[in-house]
Amino acid sequence: MMATYDQWLDAYSAAYDATPGPLVLACPNCGHARLNLVFTGDPDRMIGYAHFWCGYCLQGLGVSRTDIPAGATLQDSRLPRDERRPQVPDYQLVQP
């Protein structure tokens with residue numbers, strides 16, 4: 001059974017609150033501790049969007065228009081998409 005959107009939101013909230021610390025949370029979908037949280041935005045404004053996914057089952061959320069916490073992993077939105085690091089895989093978005 002796949003995790004619900006609300007379960008993913010709860011996991012995202014916990015991951016966001018843990019930033020910049022290491023993510024040692026279990027994926028709400030598969031249970032593996034392979035969650036990743038990468039923000040894309042302007043480093044000067046620290047507002048952007050979030051990519052939150054499991055590196056094992058490739059399920060996750062996209063969160064638009066959010067504050068980027070200090071110390072977060074951040075892709076610079078001013079760079080061309082193919083030059084942004086770290087790269088974000090093509091993962092399946094969980095729907096509400």
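Tutor: Asp76 is buried, with a relative accessible area of 19%. Buried means under 20%, exposed means over 50%, and partly exposed is anything in between, using a 1.4 Å probe and protein chains only. The model is predicted, so local features need pLDDT of at least 70 and side-chain atom pairs pLDDT 80 or more, while totals for chains, interfaces and linings use all residues. Residues are numbered from 1 along each chain as its sequence is written, and side-chain values use heavy atoms, leaving out hydrogens and water.

Asp76 is found in strand β4. Strands are DSSP runs of E with at least two residues, helices are runs of H or I with at least four, and both are numbered from the N terminus. What does Asp76 touch, leaving out residues up to four places away in sequence? Gly41, Pro43 and Arg84. A touch, or contact, means heavy atoms within 4.5 Å.

Now look at Arg78. The side chains of Asp76 and Arg78 meet in a salt bridge, 2.9 Å from N to O. A salt bridge is a side-chain nitrogen of Lys or Arg within 4 Å of a carboxyl oxygen of Asp or Glu.

Arg78 has other partners. Its salt bridge with Asp42 has closest N and O atoms 3.9 Å apart. Arg78 lies in the loop between β4 and β5 and Asp42 in strand β1, so this pair ties together parts 36 residues apart in sequence. Arg78 also meets Asp44 in a salt bridge, at 3.2 Å from N to O. Asp44 sits in the loop between β1 and β2, so that pair ties together parts 34 residues apart. Asp44 is exposed, at 63% relative accessibility, whereas Asp76 is buried. Together, Asp42, Asp44, Asp76 and Arg78 are linked in a network of salt bridges. A search of the whole structure finds three salt bridges.

Step back to the sheet. Five strands form an open sheet in the order β4-β1-β2-β3-β5, with mixed pairing. Two strands pair if DSSP finds at least two bridges between them. The edge strands are β4 (74–76) and β5 (92–93), each pairing on one side only. Strands of a sheet pair through backbone hydrogen bonds, either parallel or antiparallel.

Both senses occur here. β2 (residues 47–54) and β3 (residues 59–67) pair in the antiparallel sense over six bridges. Ile47 stands opposite Asp67 in β3, and His51 stands opposite Gly62 in β3. These two strands form a hairpin with four residues between them. Leu58, in the turn, has a positive phi of about 55°. β3 and β5 pair in the parallel sense over two bridges, and Gln59 stands opposite Gln92 in β5.

Gly62 deserves a glance. Its relative accessibility is 46%, which counts as partly exposed. Leaving aside neighbours within four places in sequence, Gly62 is in contact with Ala50, Tyr91 and Leu93.

A helix joins the picture. Helix α1 (residues 5–18) lies across β1 (35–42), β2 and β3, at about 55° to β3. That angle is between N-to-C directions, on a scale from 0 to 180 degrees, with axes fitted to C-alpha atoms, for helices over the stretch in contact. The largest nonpolar core has 17 residues, and Trp8, Tyr12, Leu37, Phe39 and Phe52 touch the most other members. Such a core is a set of buried Ala, Val, Leu, Ile, Met, Phe, Trp, Tyr and Cys residues joined through side-chain atoms within 4.5 Å. α1, β1, β2 and β3 each supply at least two of its residues. The largest share, four residues, comes from α1. Beyond four places in sequence, the contacts of Tyr12 include Leu37, Phe39 and Phe52.

Finally, Thr19 lies in the loop between α1 and β1. Thr19 is buried, at 19% relative accessibility. A polar atom of its side chain lies 3.1 Å from the backbone oxygen of Ala15.

Terms used
A polar contact is a pair of N or O atoms within 3.5 Å; within protein, one must be able to donate a hydrogen and the other to accept it, and residues adjacent in sequence count only if both atoms are side-chain atoms.
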